Amino acid sequence: MALAHILDGLADYLQHRIEEGERWAEISPATLAALRQPAGALHHSPAPARTAPAIAPPASPRPVPAAPPPVAPAPDRTPRAAPPPTSVPVAHPPPAPPATRAPATPAVATDRAPYTRFGTTPALDAIASRVAACQQCGLCKQRQQVVPGQGNPHPELVFVGEGPGADEDQQGLAFVGRAGQLLTRMILAMGLTREDVWIGNVVKCRPPENRTPLPDEMAACLPYLRAQLEILQPKVIVALGATALKGLLDVQTGITKLRGHWLSFEGIDVMPTYHPSYLLRSGGDSGASSRYWDVWEDLSAVLQRLGRPVPARKKPAPPAG
Ligand code: SF4
């Protein structure tokens, strides 16, 4: 009888593991010993460590094998008849409690998501280090921090603005002020998050009083962005505003005429559209401004170019707070 209880307990334990989605189970000698203990003591037994030798389905009375063959997922394959290598009498050993799993942390998808660099690579870090020490133009003199850009180091989509503002200068992160929050809402409306994309600027240091970067400042800084894009290898660049487009492509045509038209930078598709700051001055994303719907049309074209579904055209939620 005692042996049968041990086997029942072991079988139930394996069944729990299977129901938890485990493809194979590991049972340490400590767990085996725990199965032999009285019920009260067993509830305090530690969970089997993953590094412990695994036990195969006890199809033979041989000792525990060193290699961990997988436990078959079908319940009817869970062995019950073969005796484990023990003869300790145990009365009604309950099954070991199945390992509990912490629920996956849901992705943060709000326009107030904490802004971080999300991810990087040594090559991107090397560029950021060079930017941090750069004095190639006069914008280095008043910067608090450089803003090299941040986001997914393997993005399909990159957003490029003209330069950091006051919030970005303080935090060292691109698009974190009001315009950044609007950009975040635009990204969310596309069915993406900031973690999916990479965001940067043509110049990495804040122009004084948020003035437009000068042509020589953009020319001095563009090699950094060019090097970043060579690493990032996006499928599409969204150029935010006339200055970003001019810095990238040195075009003289205004953004109003070029937005919505595909261009190319180093072989990468470029979609020009309005800068979020311009949208804020034109009614934001309340839906009242036709400019917002122009941008949505441009971003929809981007999604189609990426082979992604285009969410239904709807007014985005207003900013929280
Ligand atoms: S804006 Fe660019 S080129 Fe000018 S100092 Fe900053 S990093 Fe260097």
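Predicted model: local features only at pLDDT ≥ 70, side-chain atom pairs only at ≥ 80, totals over all residues.
Starting with the big picture, the protein chain has 321 residues, and buried ones make up 37% of them. Its secondary structure comes to eleven helices and six strands. As for how the chain folds back on itself, take the contacts between residues at least 6 apart in sequence: 73% of these join residues at least 24 apart.

Helix H4 (residues 122-132) packs with H7 at an angle of about 170°, and the two axes are 10 Å apart. Since an angle over 145 degrees counts as roughly antiparallel, that is how H4 runs relative to H7. On the H4 side the contact is made by Ala123, Leu124, Ile127 and Val131, and on the H7 side by Tyr224, Ala227, Gln228 and Ile231. Sorted by type, the residues of this contact come out as seven nonpolar, one polar and no charged.

Leu222 is another residue of H7. It counts as partly exposed because it has 15 C-beta neighbours inside 10 Å, whereas being buried would take 20 or more. Setting aside neighbours within four places in sequence, Leu222 is in contact with Val202 and Gly247. Lys204 is 18 residues from Leu222 in sequence, and the C-alpha atoms of the pair are 9.2 Å apart in space.

Nine of the twelve residues are buried, so H6 is largely enclosed by the rest of the structure. The buried ones are Ala179, Gly180, Gln181, Leu182, Leu183, Thr184, Met186, Ile187 and Ala189. They pack against three elements, namely strand S2 (157-161), helix H10 (276-281) and helix H11 (290-305). Just after H6 comes Gly191, with a positive phi of about 85°.

The loop between H5 and H6 is worth a look too. Phe175 lies in this loop, and its phi is near 55°, a positive value in a residue other than glycine. For context, most residues other than glycine have a negative phi. Phe175 is buried, as it has 30 other C-beta atoms within 10 Å. Val176 also has its place in the loop between helix H5 (166-171) and H6. With 22 C-beta neighbours inside 10 Å, Val176 counts as buried. Gly165 and Val176 are eleven residues apart along the chain, and their C-alpha atoms are separated by 8.9 Å.

A positive phi turns up in Glu266 as well, at about 50°, although this residue is not a glycine. Glu266 lies in the loop between strand S5 (263-265) and strand S6 (268-273).

Last up is Pro155, in the loop between strand S1 (150-151) and S2. Pro155 counts as buried because 22 C-beta neighbours fall inside 10 Å. Leaving aside neighbours within four places in sequence, its contacts are Asp196, Val197, Trp198, Leu232 and Pro234. One of these, Leu232, is 77 residues from Pro155 along the chain, yet the C-alpha atoms of the two are separated by 6.5 Å.

Conventions. Residues numbered from 1 in each chain as written. Axes fitted to C-alpha atoms, helices over the stretch in contact; angles between N-to-C directions. Helix = DSSP H or I, 4+ residues; strand = E, 2+ residues; numbered from the N terminus. Parallel < 35°, antiparallel > 145°, perpendicular 65-115°, else oblique. Contact = placed C-beta atoms within 7 Å. Nonpolar A, V, L, I, M, F, W, Y, C, P; charged D, E, K, R; others polar.
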